[in-house]
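Please open the model in your viewer and keep the sequence panel beside it. The tour below goes from the whole chain to single residues.

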Amino acid sequence: MLKRILTALVGLLVFFAVVFAHRFVLYIAITLVILGMLLEMYRMMDEEKPLSMIGLIVGLFISWGCVTNNRVFVTLVSCMIYGATMIALHGKIDSKKVMSSAFITMFISLFMGTLISIRKLDRFIILLPFVCAWLSDTGAYFIGSLMGRNPLCKNISPKKTIEGAVAGLIFSALGSIGFIAVMTGFSPNIYAIVKFGLIGLCTGILSQIGDLVFSCIKRDCGKKDYGSILPGHGGILDRFDSVLFVAPFVFYIIQYVIK
C-alpha cells in the first residue's frame with residue numbers, strides 16, 4: 001500500500017508539471033504514454049515483431065494527426081497501411097493477427113489521442129478526464145476494500161465489488177462538480193452543478209467499463225498486470241485504462257454539447 005501511495009504522489013507531481021508546461025510538452029508526454037501502452041499490449045498479446053514496429057509507427061502518425069487536427073486523414077491512411085501490411089505479410093503472418101494488431105493500435109492511439117484534442121480546446125479542461133477517471137478508480141478501490149461485500153464481475157475481476165463501483169460513480173461525480181466549482185471561482189450555478197454532476201456519473205461508468213475491458217484481456221492472457229513500470233500500480237495500461245474510455249467522451253461533450 002505504501003509503495004502504491006508513494007508512486008501515486010510522485011506521479012501526480014510529474015502529471016501537474018507536464019499539464020501546466022508548454023502544450024507541446026504535454027503532446028509529447030501523451031504520445032509517449034500511447035507508445036508505452038501499445039508496447040505493453042503487444043507484449044501481452046505476444047505480437048509479432050513486424051506488427052509491433054508498424055503499430056508504433058502508426059501510433060506516432062495518429063498522435064501527429066491529433067496535434068494537427070487531421071484525425072480523419074490519419075485514420076484512413078492507417079487503415080490503408082494495415083491493408084498493405086496484410087497483403088505484404090500474407091503467408092508469413094496470419095491475417096487475423098494483422099487485423100487484431102490494427103484494432104489494438106488504432107483503438108488505443110485514437111482514444112488516447114483525444115487528450116491532445118482536449119488540450120487544444122482549453123488548457124484546464126484537460127484535467128477533467130483525469131480527475132473523473134482517477135477519482136472513480138480511487139473511490140472504487142478504497143471503498144471496495146473497506147466495505148465491499150458483493151462481487152461486481154467475479155469471473156473478470158474477483159476483487160471488484162458493487163459497493164466499490166457505486167463509490168466510484170459518486171467520487172467521479174463529486175470530482176466533476178469540484179472541477180467546475182474551482183473553474184468558476186467556487187460559484188457555479190445550479191445548471192452547471194447538475195450538468196457536471198451528470199458528466200461525472202457518465203465518466204464514472206465509462207471509467208469502470210475501461211477497467212473491466214482491460215481486466216478481461218489480462219485474465220484471458222493469464223497475467224496480473226500489464227507491466228511493472230509503476231511500482232504498486234503495474235504498467236501504464238493499468239493506470240490509464242480508465243482514462244482511455246473517458247477521454248473521447250469528455251472531448252465530444254466539451255466540443256459539441258457544452259461549448
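What follows is a series of selections, each with a note on what is there.

Before selecting anything, note that this is a predicted model, in which local features need pLDDT of at least 70 and side-chain atom pairs count only at pLDDT 80 or more, while totals for chains, interfaces and linings use all residues. Residues are numbered from 1 along each chain as its sequence is written, and side-chain values use heavy atoms, with hydrogens and water left out.

**The whole chain.** The C-alpha trace spans about 60 × 40 × 30 Å along its principal axes. Of the 259 residues, 45% are buried, meaning under 20% relative accessible area, whereas exposed means over 50% and partly exposed lies in between (1.4 Å probe, protein chains only).

**The core.** Next select M37, I108, M112, L115 and F240, the residues with the most contacts inside the largest nonpolar core, which has 60 residues; such a core is a set of buried Ala, Val, Leu, Ile, Met, Phe, Trp, Tyr and Cys residues joined through side-chain atoms within 4.5 Å. Helix α9 (residues 236-258) gives the most to this core, with 12 residues. Now centre on I108: leaving aside neighbours within four places in sequence, I108 is in contact (heavy atoms within 4.5 Å) with I34, M37, L38, M41, G113 and L244.

**Helix α7.** Move to residues 162-183, the 22 residues of helix α7. Its buried residues include G164, A165, G168, F179 and I180, and the buried residues of α7 pack against α6 (127-147), β1 (151-153), β2 (157-161) and α8 (190-221). After α7 comes G185, whose phi is positive, near 70 degrees.

**The cysteines.** Finally, display the cysteine sulfurs: how many disulfides does a search of the whole structure find? The search finds 0, a disulfide being a pair of cysteine sulfur atoms within 2.5 Å. C153 is too far for a bond because its sulfur is 7.7 Å from the closest cysteine sulfur, in C216; C153 is partly exposed, at 21% relative accessibility. The sulfur of C202 is likewise too far for a bond, at 10 Å from the closest cysteine sulfur, in C132, and C202 is partly exposed, with a relative accessible area of 34%.

Conventions:
Helices (H or I, at least four residues) and strands (E, at least two) are DSSP runs, numbered from the N terminus. The expected span of a helix is 1.5 Å times one less than its number of residues.
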